[in-house]
Amino acid sequence: MNYYLSKIMLYHHIHKMSREGHSISRISMELGLNWRTVKRMLSMDERAFTQELERGRTREKVLDAYEGFVREKLSLHPETPAAQLHDWPKEYHAGFPRVSQKTVFNFVQYVRDKHNIPRTDPVREYMAVEELPYGQQGQADFGFYNMRTTTGKIKKVQFFTFVLSRSRHKYVIFSDSPFTCELLVYAHERAFKFTGGVPREVVYDQDRLMMVSENLGDIILTGAFRSYVRQRGINTWSCRKADPESKGKVENVVKYVKRNFLYNRYYRDLETLNDQTVAWLHRTANNLPHGTTGKVPREELDTEQAFLSPWYPVAIPPPEYPVHAVRRDNTISWKSNLYSVPLGTYKGPGTTVTIKPSAEGITVLGVQGNLLCVHRISPLKGQKIILTDHKRDKSTAIAEMMESFAAMMPDHDAALAWIKIVKDSKPRYIRDQVQSLVETVSTLELQVTAATLEYCVAHGINGAADFKAVSAKLQGQSKKRETKVIRMNPLGGGRIAGADIQPDRSDIADYDDLLEKF
């Protein structure tokens, strides 16, 4: 639709809603406009609004010089977004002015309307999916919702949903804290018990609680969840987010829970909410005809249960404790507070630790499972809990390690001076550097060690990995220079063939006769 005509229609629609008694906030919410825009349009008569539009059409634009370029790109690629058209002119035109993204967006819309180049996004085609056999599949997903408490505050709750693909029988369980792998397994068990059986396969979203990564289509499960599904004997497969053909049934359940059960419901406590959920499942969710199948899920479950594997309690695998990032200041965030870890724990971006919670506090474990520290949980929020020991400089131990390394070298003073340079260039990794150097030097000959150190000092090489590479190179050259010795009388007592051969000798008279001919 022409930009000018659409603005006129919008203007009349806003005035029509105002005459019907709608407030400015209601109109802005209904049309997705800023309330200031609605207020400005209501304050103008039709003549003034038309004149404003005409001024906008004839006013010179900052990007008018690039209209031809934008038109050409849009003609070739109508689906190109305005964000990309903000970057392309910078690549081809050095003098492109500094303008906001909104300015570029408005200009692109202007060019589209002026030259009738609508945006054509690729449309995904869908086919109806045949109903699966009874007992074949279940689908699981997560959702969250902000509920209003009885005291007027906002409480964020999270929930796990499970639905049998054929009968559409549903189960929902809520949590007032983020789902952990342990809680996820518990939710599965409650769902299977509520359903009265276990399907042959379960479809999931690619959630971090269950999937570690996706390796070219091969889904890698987390250790705890892999142990559980193996024990349960179910097959799992994952699909991408918002994929209606793969797990649209459970995505519809998530929306159903929000719109039918949670809407305008007050939060008292978690136990009450889960009791209300079970009552709603029996009363409404599983007791009314399904909108697609036209059948009652509770009645369909009676048929499907014969095809499900019987449910029986299983031993739940040990919990997989959460992994948290270490901040630059050697602290970790837990339950709205910051807790310290030993100085030097942070090794750069991506440094993580494992937190093992308990009733008394939290235990912080390193990457190798080694104990780093133990904290008591503060009942307050926004606190920074720092143990005094964590602020102590452990440089004494580092100095001893550096001295031990220097003692292994032929030139103690030169080695100590060099390792201090390594520490200055890599202060956070000096412990690892020294350990690697000690491991390398312990396998070298003194001559190669001395030559390697001399080379590193002369060429400004300050790292354990480079030291090891240089030593390997020099060691290889040393072996090439070694002379091969052939033993003529081995210990076995035998003599090598040809060892007793005497070379022929020339007579001096032969040379005299040869010289007389010249």
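User: In which hand does helix 14 pass helix 15?

Analyst: This model is predicted. Helix 14 and helix 15 (residues 430–441) pack with their axes 9 Å apart. The crossing in which helix 14 passes helix 15 is right-handed.

User: At what angle do helix 14 and helix 15 pack, and which term describes their arrangement?

Analyst: The angle between helix 14 and helix 15 is about 140°. Angles over 145 degrees would count as roughly antiparallel, and 65 to 115 as roughly perpendicular. Helix 14 and helix 15 are therefore oblique to each other.

User: How many nonpolar, polar and charged residues does the contact of helix 14 with helix 15 have?

Analyst: Helix 14 contributes Trp 418, Ile 419, Val 422 and Lys 423 to this contact. From helix 15 come Ile 430, Gln 433, Val 434 and Leu 437. Sorted by class, the contact of helix 14 with helix 15 has 6 nonpolar, 1 polar and 1 charged residues.

User: How do the axes of helix 14 and helix 16 cross, and what is the hand of the crossing?

Analyst: Helix 14 (residues 412–425) and helix 16 (residues 446–459) have axes that come within 11 Å and cross at roughly 45°. That angle makes helix 14 oblique to helix 16. The crossing in which helix 14 passes helix 16 is left-handed.

User: Which residues make the contact between helix 14 and helix 16, and what are their classes?

Analyst: On helix 14, the contact is made by Ala 414, Ala 415 and Trp 418. On helix 16, Leu 453, Cys 456 and Val 457 take part. By class, the contact of helix 14 with helix 16 has 6 nonpolar, no polar and no charged residues.

User: Are the residues of strand 3 buried or exposed?

Analyst: Lys 170, Val 172 and Phe 174 point one way from strand 3, while Tyr 171, Ile 173 and Ser 175 point the other way. Because 6 of the 6 residues of strand 3 (residues 170–175) are buried, the strand is largely enclosed by the rest of the structure.

User: Which residue of strand 3 is the bridge partner of Val 163?

Analyst: Strand 2 (residues 154–164) and strand 3 run antiparallel and are joined by 6 bridges. In the hairpin of these strands, which has 5 residues between them, Arg 168 takes a positive phi near 65°. The bridge partner of Val 163 in strand 3 is Lys 170.

User: What is the relative accessible area of Leu 53?

Analyst: Leu 53 lies in helix 4 (residues 46–58). The C-alpha atoms of Leu 53 and Ile 8 are separated by 8.8 Å, and these residues are 45 residues apart along the chain. Leu 53 is buried, with a relative accessible area of 11%.

Conventions. Residues are numbered from 1 along each chain as its sequence is written. This is a predicted model: local features need pLDDT of at least 70, side-chain atom pairs count only at pLDDT 80 or more; totals for chains, interfaces and linings use all residues. Side-chain values use heavy atoms; hydrogens and water are left out. Axes are lines fitted to C-alpha atoms, for helices over the stretch in contact, and angles run from 0 to 180 degrees between N-to-C directions. Helices (H or I, at least four residues) and strands (E, at least two) are DSSP runs, numbered from the N terminus. Angles under 35 degrees count as roughly parallel, over 145 as roughly antiparallel, 65 to 115 as roughly perpendicular and the rest as oblique. A crossing is left-handed if the near helix is turned anticlockwise from the far one by less than a right angle, and right-handed if clockwise. Contact means heavy atoms within 4.5 Å. Ala, Val, Leu, Ile, Met, Phe, Trp, Tyr, Cys and Pro count as nonpolar, Asp, Glu, Lys and Arg as charged, and the others, Gly among them, as polar. Buried means under 20% relative accessible area, exposed over 50%, partly exposed in between (1.4 Å probe, protein chains only). Two strands pair if DSSP finds at least two bridges between them.
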